[in-house]
Structures are given as structure tokens and as C-alpha cells.
Amino acid sequence: MIRVLCVISAVFPCAALAGDTDWLLLDGTALETALNDVTLQYDGSKQVFYASGRTVYDNGRPSWGYWAPRGDKYCSQWPPADGWACYDVEQHVDGAAIRFISETGFVTEGMIVE
């Protein structure tokens, strides 16, 4: 029985990873390059990431915050809160989309717009 569980544990993580080969996990330098002066279009909203470290999220009502790479994570801070939330960042292999992955696994995906 233990041997079966070990085999299942070894196979399923690989199967899960095989489905995500279209996305590349970005390190700190790559995510900074990918987001500097970029606009992402989400479902019903957009966000602009300025090279200055400012960002604006607009869903009909603009909200200004800050963004920065910290280690290999994207981190953002939205006043009046003073804490930072950090996420893994992946870019689609075609370069057209970015997605943010929270510590709990929640994914937010945006399309890069010109």
C-alpha cells in the first residue's frame, strides 16, 4: 500500500506540471523587465506598472499604489494599508500575458496591451 502511495505521489505532481508548460516562472530581474511601463488588461479592469514603482489599478475608479520586485516575487502596497502583499509571477511563453499567483494559489491573469 505504501509503495502505491509513493508511486501516485511521484506521478501526479509531474502530470500537474505538464499542463503548465506554456508559462514561465519569472525571477526578480525578469519580472521587473516584464512589468516596467506595462499595462495589463484584466476582466473589466486594467493596471499600469510604472518604472518609478507606482501602479494604478482602474476598474472605473482609479486606485494608486506601489509595486516592486522583492527577491523573486512581485510585491504591491495599496494605501491606506502599509503592508506589502507578494506573489509569484509567470509569463506566457508567447509574451502576451502575465499571471500573479498568491501564496494560497489564487491566480490573476492579465493580457499585455500596448
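## Overall fold

Helices (H or I, at least four residues) and strands (E, at least two) are DSSP runs, numbered from the N terminus. Read that way, the protein chain runs α-β-α-β-β-β-β-β-β-β-β along its sequence, with two helices and nine strands. This is a predicted model, in which local features need pLDDT of at least 70 and side-chain atom pairs count only at pLDDT 80 or more, while totals for chains, interfaces and linings use all residues. Residues are numbered from 1 along each chain as its sequence is written, and side-chain values use heavy atoms, with hydrogens and water left out.

## Surface and contacts

Of the 114 residues in the protein chain, 30% are buried (under 20% relative accessible area; exposed is over 50%, and partly exposed lies in between, with a 1.4 Å probe and protein chains only). The chain exposes about 7400 Å², and carbon and sulfur atoms supply 58% of that area (Shrake-Rupley method with a 1.4 Å probe; for residues, only the protein chains shown count as cover).

Take the contacts (heavy atoms within 4.5 Å) between residues at least 6 apart in sequence: 34% of them join residues at least 24 apart.

## The disulfide

A search of the whole structure turns up one disulfide (a pair of cysteine sulfur atoms within 2.5 Å). Cys75 and Cys86 are the partners, with S to S at 2.0 Å. Their link is right-handed, with 110° about the S-S bond. Cys75 belongs to strand E6 (residues 73-77) and Cys86 to strand E7 (residues 85-92), eleven residues apart. Cys75 is buried at 0% relative accessible area, whereas Cys86 is partly exposed at 26%.

## Aromatic pairs

Eight aromatic pairs are present (rings of Phe, Tyr and Trp, the last by its six-membered ring, with centres within 6.5 Å; planes under 30 degrees apart are stacked, over 60 edge-to-face, the rest tilted). One of them, Phe49 with Trp67, is edge-to-face, at 5.8 Å centre to centre and 90° between the planes. This pair links strand E3 (residues 45-49) to strand E5 (residues 63-70). Phe49 is buried at 0%, and Trp67 is buried at 4%.

The rings of Tyr74 and Tyr87 have centres 6.1 Å apart and planes at 35°, so this pair is tilted. Tyr74 sits in strand E6 and Tyr87 in strand E7. Ring pairs link Phe49, Trp67, Tyr74, Tyr87 and Phe100 into a cluster.

## Charges over rings

The charged end of Arg54 sits over the ring of Tyr66, 4.5 Å from its centre (CZ of Arg or NZ of Lys within 6 Å of the ring centre and within 35 degrees of the ring normal). Likewise, the charged end of Arg70 sits over the ring of Trp84, 4.1 Å from its centre.
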